[in-house]
Amino acid sequence: MVGAGPAGLTVGSILRAAGVGCLVLETATREVVEHRPRAGVIEEWAVRGLARRGLARTLLERAQAHTECEFRFAGERYRFGYTGLTGRHHFVYPQQFLVTDLVREYADVRGGEIRFGVRDVRLHGTGSARPAVSYVCPDSGERRVVEADFVAGCDGARGVTRASLPAGRVRLARHDYGVGWLALLAEAPPSSDCVVFGMHPRGFAGHMARSPEVTRYYLQCPPGDSPENWPHERVWAELRERLGAAGAPPLAEGRLIEKRVLDMHSYVVEPMAFGRLFLAGDAAHLTAPIAAKGLNLALHDAFLLGDGLVAALTKGDDSALAGYSDACLARVWDYQEFSQWLAEMYHGTASGDPYRAGAALARLRRLFSSPAAAAEFAERYLGVRTTG
Ligand code: RFL
């Protein structure tokens, strides 16, 4: 496995549970991967998938279950109870906690080999029966070569494994949303008991609990904007304005401990495999965090890849691996389409185009006037009954 994110560590843990020998190579240190804040919303099916593989003990003890979200627009608050419509809920558990649990389970409990801090990872012979991965060892400075039966490319959006798919054999589909999001982490308790989405003529704003002490906020901004343009006072003034609604409790403000601009874009690589190289997670597909789907997709891929590799290596059954890419991509495209649908609802109001703004408002209002529209949104928000 190249990469010790949620995808690589989950694949590794599944392999170790079946007694398969494997190695995870990671460019960052253990300290860094265990403290990198990113996602926080995990869908119920993904948590059940982790639990079935013995990977959710701490999560189930510590995660919060969320049953509702709230939309704020035109100065009003609208609660949306998705659990009542689907019987399912979201788990809120910071990604760095999950990664910490997975590193411990893979390396310390299941005895999986892992090298942190490696440099200049390269793939060799991915189309051959015996591919290899080489890297520069951080201690000796020497290049080491590891031969393997399979290579799992789990090195995220900025990794190297995707480039090893031969150009003529893969298609990269990319979508730019044309907006930026200022992603913030505040040292402050959540200001609501659920996720809040604010659609405002000045731009989208989001509120997402992470833990009792830390809350994630988002502010739509121009793509390529600089975090320096967003001093503390401006951030909180803008959040108060965009998340303001009749009867809404005041925001609990605090020090901003992360401030970065994400240019909203998505991509999908098809197929997600070549020869004995299989991509999983953000290495294969990125979904802008609009619908909070990336971590969930990484876990979905990892379950299918881990189980498929175990079947191939312990039973000589290659059928799951043969169907791996198609099985992943069905859910990937379903989530991509939902993100696109949601993006228009979030950003249309501030687009400056009265036609898009009117249509976005109609889309929002329908969630609260049509039981069929509400049921569909709830299913897609929770990732139930998808095609994949
Ligand atoms: P990761 O987590 O990026 O892990 C890849 C690992 O590979 C390492 N690496 C390499 N290792 C070896 N050799 C190389 N050449 C390497 N290059 C890189 C990296 O150091 C890293 O440790 O990918 P993975 O496992 O596919 O997991 C994907 C998720 O991390 C990602 O999709 C989510 O964080 C997306 N996301 C969200 N997803 C959700 O489902 N729910 C959310 O609420 C949510 N919120 C978010 C998010 C992503 C965000 N950012 C930062 C883009 C919020 C934010 C702000």
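Is Phe-80 buried or exposed? Let's start there. This is a predicted model. In it, Phe-80 is buried, because its relative accessible area is 4% and the cut-off for buried is under 20%.

Now its partner. Phe-80 forms an aromatic pair with Phe-377. The whole structure holds 24 aromatic pairs. How do we describe one? By the distance of the ring centres and the angle of the planes. For Phe-80 and Phe-377, the centres are 5.1 Å apart and the planes stand at 85°. That makes the pair edge-to-face.

Phe-80 sits in strand β5, residues 76–81. Phe-377 sits in helix α12, residues 371–382. They are 297 residues apart, so the pair links distant parts of the chain. Phe-377 is buried too, with a relative accessible area of 2%.

Next, the second largest pocket. Its volume is about 340 Å³. The lining has 18 residues. Closest to the centre are Met-1, Cys-22, Leu-23, Ala-148 and Phe-150. What is the lining made of: nonpolar, polar or charged residues? It divides into 15 nonpolar, one polar and two charged. Several elements each supply at least two lining residues: β1 (23–25), β10 (143–147), β11 (151–153) and α8 (294–315).

Stay with Phe-150 for a moment. The charged end of Arg-276 sits over the Phe-150 ring, 4.7 Å from the ring centre.

One more charge over a ring. Lys-293 lies over the face of Tyr-335. There, the distance to the ring centre is 4.3 Å.

Conventions. Residues numbered from 1 in each chain as written. Predicted model: local features only at pLDDT ≥ 70, side-chain atom pairs only at ≥ 80, totals over all residues. Heavy atoms only, no water. 1 Å grid on protein atoms, 1.4 Å probe; cavity = no way out; pocket = protein on both sides within 12 Å on 5 of 7 lines; lining within 4 Å. Points joined across faces, edges and corners; volume = space filled by probe spheres on them. Helix = DSSP H or I, 4+ residues; strand = E, 2+ residues; numbered from the N terminus. Nonpolar A, V, L, I, M, F, W, Y, C, P; charged D, E, K, R; others polar. Phe/Tyr/Trp six-rings, centres within 6.5 Å; stacked < 30°, edge-to-face > 60°. Buried < 20%, exposed > 50% of the residue type's maximum accessible area, 1.4 Å probe, protein only. Lys NZ or Arg CZ within 6 Å of the ring centre and 35° of its normal.
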